[in-house]
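I opened the model and kept notes as I went. The entries follow in the order I looked things up.

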Amino acid sequence: AKRRKKGKRQEPLVRVMTAFKAFLGEASGFFHGLMIKLRLKYGLPSSFLKQDTLLAGRKRDDVRACHTSCHRLLIYLGDLARYKELYVTLGGQSRDWTLAANYYRQAALLCPSNGNSYNQLAVLATYSENELLAMYYYCRSLAVESPFATAR
């Protein structure tokens, strides 16, 4: 009888986690699609490594706004990847922060003067218990043109 009660208690949790995992996948797909549309509209490369992509006929402000939007989308994608590892990975499995870190690094390459991506990398470093790396990224998130204020 105890086994059935425990199983029934876990059923709602399993349903919620399944729904949450589906939500994370759908949200990631949405943000990826949006970023592809922005890149195509403004002729931006998929790597964002070439900052000189201001195409003829495009307004500088429009391309700058696209860069800012893509930066935000990369942060969101990193956050979704981080949530997936935090909340969806089963208990006995080790967590892999590589995907989240890659999104945050791409965001840092796109807007190196914005501290948000460095703050998110610091959060990942704390999960890995790498305090030195976390301190480096927290300091870097504050020592840029647009610091991430909550890192204080």
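Which residues does Asp 79 touch, not counting residues up to four places away in sequence? I found Tyr 104 and Gln 120. I took contact as heavy atoms within 4.5 Å.

Ground rules. This is a predicted model, so I noted that local features need pLDDT of at least 70, that side-chain atom pairs count only at pLDDT 80 or more, and that totals for chains, interfaces and linings use all residues. Residues are numbered from 1 along each chain as its sequence is written, and side-chain values use heavy atoms, with hydrogens and water left out.

Entry: the whole chain. I counted 5 helices and 0 strands. From the N terminus the order reads α-α-α-α-α. Helices (H or I, at least four residues) and strands (E, at least two) are DSSP runs, numbered from the N terminus. The chain has 152 residues, and 36% of them count as buried. Buried means under 20% relative accessible area, exposed over 50%, and partly exposed in between, with a 1.4 Å probe and protein chains only. I also checked contacts with a separation of 6 or more: residues 24 or more positions apart account for 55% of them.

Entry: Asp 79. I placed Asp 79 in helix H2, residues 60–88. Asp 79 counts as buried because its relative accessibility is 12%. Its side chain makes a polar contact with the side chain of Tyr 104, at 2.5 Å. A polar contact is a pair of N or O atoms within 3.5 Å; within protein, one must be able to donate a hydrogen and the other to accept it, and residues adjacent in sequence count only if both atoms are side-chain atoms.

Entry: Arg 82. Arg 82 is in helix H2 too. Its relative accessible area is 9%, so Arg 82 is buried. Leaving aside neighbours within four places in sequence, I listed its contacts: Trp 97, Ala 100, Tyr 104, Gln 120, Val 123, Leu 124 and Tyr 127.

Entry: H2 against H3. Helix H3 covers residues 98–110. The axes of H2 and H3 come within 7 Å and cross at roughly 165°. Axes are lines fitted to C-alpha atoms, for helices over the stretch in contact, and angles run from 0 to 180 degrees between N-to-C directions. H2 and H3 are therefore roughly antiparallel. Angles over 145 degrees count as roughly antiparallel, under 35 as roughly parallel, 65 to 115 as roughly perpendicular and the rest as oblique. Among the residues in this contact I noted Asp 79 and Arg 82 of H2, and Ala 100 and Tyr 104 of H3. By class, the contact has 11 nonpolar, 4 polar and 2 charged residues. Ala, Val, Leu, Ile, Met, Phe, Trp, Tyr, Cys and Pro count as nonpolar, Asp, Glu, Lys and Arg as charged, and the others, Gly among them, as polar.

Entry: H3 against H4. I read an angle of about 155° for H3 and H4, with axes 8 Å apart. These helices are therefore roughly antiparallel. Ala 100, Ala 101, Tyr 104, Arg 105, Ala 107 and Ala 108 in H3 meet Ser 117, Tyr 118, Gln 120, Leu 121 and Leu 124 in H4. I sorted these by class: 8 nonpolar, 2 polar and 1 charged.

Entry: Cys 111. Cys 111 sits in the loop between H3 and helix H4 (116–127). Is Cys 111 buried or exposed? Buried, because its relative accessibility is 15%. Leaving aside neighbours within four places in sequence, Cys 111 contacts His 67 and His 71. I also checked Arg 72, 39 residues from Cys 111 along the chain: their C-alpha atoms are separated by 9.7 Å.
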